[in-house]
Amino acid sequence: MTTDRLFAGKVAVVTGGANGIGRACAVAYARQGADVAVFDREADALAETIGLVRAEGVRALPVVGDMTKLDEVTAAFARTRAELGPVDILLNNIGQTARENYSEFYRARPETLQFVIGVSLMTTLMCSRQVVEEMRERRSGKIVSISSDSAINGDIGTVDYAAAKSGVLGFTRALARELGPFKINVNAVCPGPTNTRAMQRIPRDAYERARNAIPLGELCEPEDIANAVVFLSSDKARCITGQTLMVNGGRVFY
Ligand SMILES: NC(=O)c1ccc[n+]([C@@H]2O[C@H](COP(=O)([O-])OP(=O)(O)OC[C@H]3O[C@@H](n4cnc5c(N)ncnc54)[C@H](O)[C@@H]3O)[C@@H](O)[C@H]2O)c1
């Protein structure tokens with residue numbers, strides 16, 4: 001293994017890394033030399049990601065599980081520690097809108113609201129809770145969380161999602177203050193509309209609206225988000241914490 005890679009000898013965890021942005025980040029971490037544990041509930045897609053990670057010449061650990069469930073979260077981190085070692089980098093990537101229940105707030109169902117907050121906010125809190133004690137003891141670590149520029153823009157039909165993803169930003173700021181004295185960086189990335197299946201699933205009119213509102217004229221690719229994630233996970237960003245980096249073709253300024 002070459003030692004000039006950003007993450008040589010480090011262990012990274014990517015939640016929701018079987019597809020889309022998470023997959024691109026897992027591969028990008030591996031390309032920079034990290035061993036990568038990938039947590040996801042989709043076993044087949046996860047196996048594909050693991051193949052791509054291993055092709056970079058690093059160790060990869062697939063963990064199939066539902067990260068909204070505390071016992072599965074705890075087990076996933078225990079396996080990672082046992083098989084790869086202590087976690088140096090955590091990417092909280094899991095999140096989604098209500099998809100088929102996508103609707104304006106006056107029609108929202110309570111169970112949909114709970115689902116969106118659970119998957120798009122609670123997973124980030126629960127996974128981060130698993131690594132902070134160890135990072136404090138080691139006085140090092142990076143936590144990056146994927147929010148959304150919907151948190152800033154406030155898009156119609158995604159009130160629950162905007163609430164959850166705004167929560168991720170508040171979480172990032174408060175945790176950055178708590179962990180700053182331990183030299184742990186905590187940051188967030190807000191993707192704009194990005195070319196993944198999540199984007200293909202939203203209603204066509206919402207998709208067109210999103211694309212037409214991007215000054216650079218096109219959706220981001222998952223690799224564009226991964227570039228920002230890699231930077232914030234690295235010591236090149238050692239002086240950056242509590243921040244929100246927008247990667248959105250200019251759709252929203254912040
Ligand atoms: N694609 C976009 O346009 C866009 C824009 C802004 C923010 N985001 C955010 O980026 C992140 C990744 O989105 P994506 O577009 O790559 O989505 P995606 O659906 O392609 O990938 C998400 C992955 O998370 C996994 N996952 C979801 N819930 C899980 C759970 N409870 N336990 C384990 N795994 C779970 C899925 O199986 C999937 O592999 C999300 O947080 C999303 O909200 C996406």
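Two strands pair if DSSP finds at least two bridges between them, and helices (H or I, at least four residues) and strands (E, at least two) are DSSP runs, numbered from the N terminus. The model shown here is predicted: local features need pLDDT of at least 70, side-chain atom pairs count only at pLDDT 80 or more, and totals for chains, interfaces and linings use all residues. Residues are numbered from 1 along each chain as its sequence is written.

**View 1. The open sheet has 7 strands.** Follow the order E3-E2-E1-E4-E5-E6-E7, with parallel pairing. Strand E3 (60–64) and strand E7 (244–247) stand at the edges with a single partner strand each, so one side of each is left without a neighbour in the sheet. On average, neighbouring strands of this sheet are turned by 15° against each other, direction ignored. (Axes are lines fitted to C-alpha atoms, for helices over the stretch in contact, and angles run from 0 to 180 degrees between N-to-C directions.)

**View 2. Strand E2 (residues 35–40) meets E3.** The two run parallel and are joined by 5 bridges. Look for Val-36, whose bridge partner in E3 is Ala-60.

**View 3. Helix H3 (residues 70–83) packs on the sheet.** H3 touches E1, E2 and E3, where contact means C-beta atoms, placed from the backbone, within 7 Å. The direction of H3 makes about 160° with that of E3.

**View 4. Helix H1 (residues 20–31) lies across several strands.** These are strand E1 (11–15), E2, strand E4 (89–92), strand E5 (141–146) and strand E6 (184–191). H1 runs at about 170° to E1.

Methods: Contact = placed C-beta atoms within 7 Å.
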